Amino acid sequence: MSDLVLYNANIHTMELAQPTARAIAIRDNRILAVGDDLAMLNLLPDAATVNLKGRCVLPGLIDAHLHWEWTSLGLKNIDCETATLEELLRRVEERARITPAGQWIRGHGWNQNVWGGEFPTKHDLDRVASEHAVYLTAKSGHAGWANSLAMKIAGVTASTPNPPNGQIVRDSNGEPTGIFFEDALDLITNVIPEVPVSDLAAAMREAIPLAHRAGLTGVHDFDGARALQAWQILKENNQLNLRVSKTIPVALLDHAIALGIRSGFGDDWLRINSVKTFADGALGPRTALMIDPYAGEPGNRGIVVTDKEEMFEHVRKASLAGLSSTIHAIGDKANHDVLDVYESVRVEEQQRGESRLRHRIEHVQLLHPDDFNRLAQLNVIASMQPIHATSDMLMADKYWGLRCSAGAYAWRTQIDAGAMYAFGSDSPVESFNPFLGIHAAVTRRRADGTPGEDGWYPEQRLSVEEAVRGFTLGAAYASYDEQRKGSLVPGKLADLIVLDRDIFSIDPMEILHTQVEATMIDGQWVWRNF
């Protein structure tokens, strides 16, 4: 047996019955007990000990929504999150100079709203990289930008029709501008050579220590089948030291059903979660599906990515097979339609006595007041990313206007209504540093203090305990794992983190600067800086 006692600590257990403690006793990969120093040291008198010298200890944090394949591969691509278009074009030109001819240039993170609102074009990229195929995805992930060579390789011309649930942006002459929305992105991505799965697994393995240093002990991964293959390769090679809850793309639903896979299948390292569907687009490119038009765009209500009837058939079929669903919904119309779908499916589940499935909505960024209480009523998990609120607030005010005052990024509204909730980052859309999300949830302010001391719609602010709960017990519940992780109590897995400050007692703005000094997973240190 491997016994360990961490003592002289400031432990926040996230359990109401014993919210704080001074020491924790660990045997092998489980928590044996929590309590005061003397009691824990006497419980395991022969154990190894670590004096934490008053440091703050939390359960390991879990990111309930990110894309690890995209994040890992993106570390090698161009960072497109720049203050000006000119700076991004400089980076593309610089990459083109060192990239062999014939290879693609990739990047992620541009946001035309930061540059003034106008979308760039293929001609901008052609000026700096005409001899390389260039494809850059927007910060939201719901828009892409290609140069002329990339479009030529993809066979995109003026006569190329818009795909279902997607749009090729065109100029006044009908020529594609190089901007693609939603499913039209596939026109380009389908011709980009795929990284071999073995290389993908290596990239994902190399990125895992970054998650450990950020305080993450688990993630809910929303990438596709190749990512699932890569996670399995890491597990087979004893290289998976991050707990993974994996979604299944709806395009593979029939395959999952044929294999008999059910939500919750797996072990403490790799577990199947829900079937992922997209209802709409995103706020940045104004493709999120709205009840009323975007401010200043009377003809634009967004894009339907999956219509309501099709969503119902997917969710119903998955439910009958024992698979829960998770549906991306940003706009108020998309969220309304998803809730209607879940309401119908819940009726069928009740009729056949099914109660275990934990359906989710991903993002829940804008709700109509009529829908505020429906997630709780239908037992649907609100899977939200607090960092989106502070990142998006200026765009939200510009394009959604007064609708923001009632239901935009409304975490408090959902908690008060009794909804289960889980927090994540949507990395690489935002940083997977969970303390940025906790800070956003507690302050509703950016790092520079904007929009002011009270924050953006301050009535939606959360306490630190509520914010941390979204990254611990809430995320664990959303992956069918709340009996195994999410809090520091006897019997649960020994997943915990040690911080350089007590985020429960400091100025909330200082949460941004929190450093993780150690991360433990399964009773073993995977990162330690003391």
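Visitor: What makes Ile-11 a residue in contact with Leu-488?
Guide: The model is a predicted one, and in it heavy atoms of Ile-11 and Leu-488 come within 4.5 Å, so the pair meets the definition of a contact. Leaving aside neighbours within four places in sequence, the partners of Ile-11 also include Pro-19, Thr-20, Ala-21, Arg-22, Ala-23, Ile-24 and Val-57. Ile-11 itself is found in strand 2, which covers residues 10-12.

Visitor: Why is Ile-11 called buried?
Guide: Its relative accessible area is 0%, and because buried means under 20%, Ile-11 is counted as buried. As for distance along the chain, Ile-11 and Ala-475 are 464 residues apart in sequence, while their C-alpha atoms are 20 Å apart in space.

Visitor: How do you know that Val-134 is buried?
Guide: The relative accessibility of Val-134 is 0%, and since the limit for buried is under 20%, Val-134 counts as buried. Val-134 is placed in strand 11, residues 134-138, and its C-alpha atom is separated by 6.1 Å from that of Arg-106, which is 28 residues away along the chain. Beyond its neighbours within four places in sequence, Val-134 is in contact with several residues, among them Val-92, Trp-104, Ile-105, Leu-125 and Trp-145.

Visitor: What makes the approach of His-328 to His-363 a polar contact?
Guide: The two side chains come to 3.2 Å, and because a polar contact requires a pair of N or O atoms within 3.5 Å, the pair of His-328 and His-363 qualifies. A polar atom of the His-328 side chain also lies 3.3 Å from the backbone oxygen of Asp-280. His-328 belongs to strand 18, residues 325-329, and, neighbours within four places in sequence aside, its contacts include His-142, Lys-276, Thr-277, Phe-278 and Glu-362.

Visitor: Why is His-328 called buried?
Guide: The relative accessible area of His-328 is 3%, and as buried means under 20%, the word applies to His-328. Thr-277, one of the contacts of His-328, also has a relative accessible area of 3% and is therefore buried. Thr-277 is found in strand 17, residues 270-278, and its own contacts, again leaving aside neighbours within four places in sequence, are Val-250, Thr-306, Met-311, Thr-326, Ile-327 and His-328.

Visitor: What makes Lys-53 exposed?
Guide: Lys-53 has a relative accessibility of 64%, and because exposed means over 50%, Lys-53 counts as exposed. Lys-53 sits in the loop between strand 6 (48-51) and strand 7 (56-59), and its phi is near 50 degrees, a positive value in a residue other than glycine.

Visitor: Is Val-364 buried or exposed, and why?
Guide: Val-364 has a relative accessibility of 2%, and since buried means under 20%, Val-364 counts as buried. Phi of Val-364 is near 50 degrees, again a positive value in a residue other than glycine, and Val-364 lies in the loop between strand 19 (360-363) and helix 12 (374-377).

Visitor: How do you know that the radius of gyration of the protein chain agrees with that of a compact globule?
Guide: For 530 residues, a compact globule would have a radius of gyration near 24 Å, and the protein chain has 23 Å, so the two values agree. The C-alpha trace spans about 80 × 55 × 55 Å along its principal axes, and buried residues make up 58% of the 530 residues. Among contacts between residues at least 6 apart in sequence, 72% join residues at least 24 apart. The protein chain has 18 helices and 24 strands.

Note on methods. Residues are numbered from 1 along each chain as its sequence is written. This is a predicted model: local features need pLDDT of at least 70, side-chain atom pairs count only at pLDDT 80 or more; totals for chains, interfaces and linings use all residues. Side-chain values use heavy atoms; hydrogens and water are left out. Helices (H or I, at least four residues) and strands (E, at least two) are DSSP runs, numbered from the N terminus. Buried means under 20% relative accessible area, exposed over 50%, partly exposed in between (1.4 Å probe, protein chains only). A polar contact is a pair of N or O atoms within 3.5 Å; within protein, one must be able to donate a hydrogen and the other to accept it, and residues adjacent in sequence count only if both atoms are side-chain atoms. The radius of gyration is taken over C-alpha atoms; the globule rule is 2.2 Å times the number of residues to the power 0.38.
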